[in-house]
Amino acid sequence: MIPSIGHLPMNSLLTGQAELKQHIVYSENGQTLTLALPWAHRDRRGPVEPTPLIVFVQGSGWTTPNLDYELPMLSRFAEEGIAVATVCHRSTVDGYAFPAYLQDVKCAIRFLRAHAEEYNIKKEKVAAFGTSSGGNTVCLLGLTGDDPRYRTAELPEESDAVCAVVSCFGPMELVTLFKQRLEKDKANAEERLNRMLGPDKGEWPEKLRQFSPALQVEPGKAYPSFLLFHGSGDPVVPCEQMEKMYQSLLTAKADVRAYYVDDAEHEGNFWSPQVRQVIHDELTERLFG
């Protein structure tokens, strides 16, 4: 007797499928992004609603981010119907001091909004997610939406504001952080500061304040939601950095939650399934809610 052949349903809604677009040049200065998109918008048999967007900034010490580092985690969002862009920016090692990194990521957001129809993106639902120096970047994005100080001439008609921020082990108060590093290794710290802030040491204190999210929170100003994480055993960026940002946002009555990741270091063992789940739940709630 021949065994019967089974039947399985087709995937008429293309649920759980995604595609990857790499090397998308978003700026005249040659910076690129990688885009993970739900496949459903490619199916021309019926209308498909635009998808929310997560803009991800990988930590790099303000050098060149590795756009592939977190793609396995980020692709999960694309499979669930959220577009994800992981964004490169100019590097301080190549002579691009602050605020080049922030200007570039803001330009990437404006580029994606300008191409919202092409990529089927819902322009009003854009969240920012970053790690380490990328955590610093996304917090500044949340605090400085459409701030003319950081707007370049490219696509000025589009907004660079975001509706939610998730930051993991990001440097939040650079004045104290680099004071500690100068005390520990003055030559190395001064070399980094020279690359990051320029050769005029007289400008360093104010620039460190300007790019410290914890020192840029303004009471009474409307901000997106913030979700902060930091490993309590982080040897690179002390977890007190997160505490300062958390307290600043609380004082300003912003929408903020924060988590210690017990004994976690910088990257690596930080990424427990529980951490990933809380991030996933926060972003899907903010973007689909």
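**View 1. Glutamate 173 caps the N-terminal end of helix α5 in this predicted model.** A side-chain oxygen of glutamate 173 lies 2.9 Å from the backbone nitrogen of valine 175. Helix α5 spans residues 174-184.

**View 2. Helix α5 has a buried side and an exposed face.** Leu174, Leu177 and Phe178 of α5 are buried. These residues cover an arc of only 85° around the axis, which puts them on the same side of α5. The cover over the buried residues of α5 includes α4 (133-143), α6 (186-197), α7 (204-210) and α8 (240-251). Lys179 and Glu183 are exposed, on the face of α5 turned away from its buried side.

**View 3. Arginine 181 sits over the ring of phenylalanine 178.** The charged end of arginine 181 is 5.4 Å from the centre of that ring. Phe178 is also one of the buried residues of α5.

**View 4. Phenylalanine 98 forms aromatic pairs with tyrosine 101 and phenylalanine 211.** The structure holds 11 aromatic pairs. The pair of phenylalanine 98 and tyrosine 101 is tilted, at 4.7 Å centre to centre and 50° between the planes. Phenylalanine 98 has 5% relative accessibility and tyrosine 101 has 2%, so both fall below the 20% limit and count as buried. The rings of phenylalanine 98 and phenylalanine 211 have their centres 5.1 Å apart; their planes are at 70°, so this pair is edge-to-face. Phenylalanine 98 lies in the loop between β4 (83-87) and α2 (100-114), and phenylalanine 211 in the loop between α7 and β7 (225-231), so the pair ties together parts that are 113 residues apart in sequence. Phenylalanine 211, like phenylalanine 98, is buried.

**View 5. Ring pairs link five named aromatic residues into a cluster.** The members are Trp62, Phe98, Tyr101, Tyr150 and Phe211.

**View 6. Strand β3 is mostly covered and is joined to β5 and β4.** Strands β3 and β5 (residues 121-131) run parallel and are joined by 6 bridges. Leucine 53 stands opposite valine 126 in β5. Another 4 bridges join β3 to β4, and these strands also run parallel. Here valine 55 has alanine 85 of β4 as its bridge partner. In a regular strand, side chains alternate between the two faces of the sheet.

Note on methods: Residues numbered from 1 in each chain as written. Predicted model: local features only at pLDDT ≥ 70, side-chain atom pairs only at ≥ 80, totals over all residues. Heavy atoms only, no water. Buried < 20%, exposed > 50% of the residue type's maximum accessible area, 1.4 Å probe, protein only. Helix = DSSP H or I, 4+ residues; strand = E, 2+ residues; numbered from the N terminus. Arc of directions from axis to C-beta. Contact = heavy atoms within 4.5 Å. Polar contact = N/O pair within 3.5 Å; in protein donor to acceptor, adjacent residues only side chain to side chain. Phe/Tyr/Trp six-rings, centres within 6.5 Å; stacked < 30°, edge-to-face > 60°. Lys NZ or Arg CZ within 6 Å of the ring centre and 35° of its normal. Pairing = 2+ DSSP bridges.
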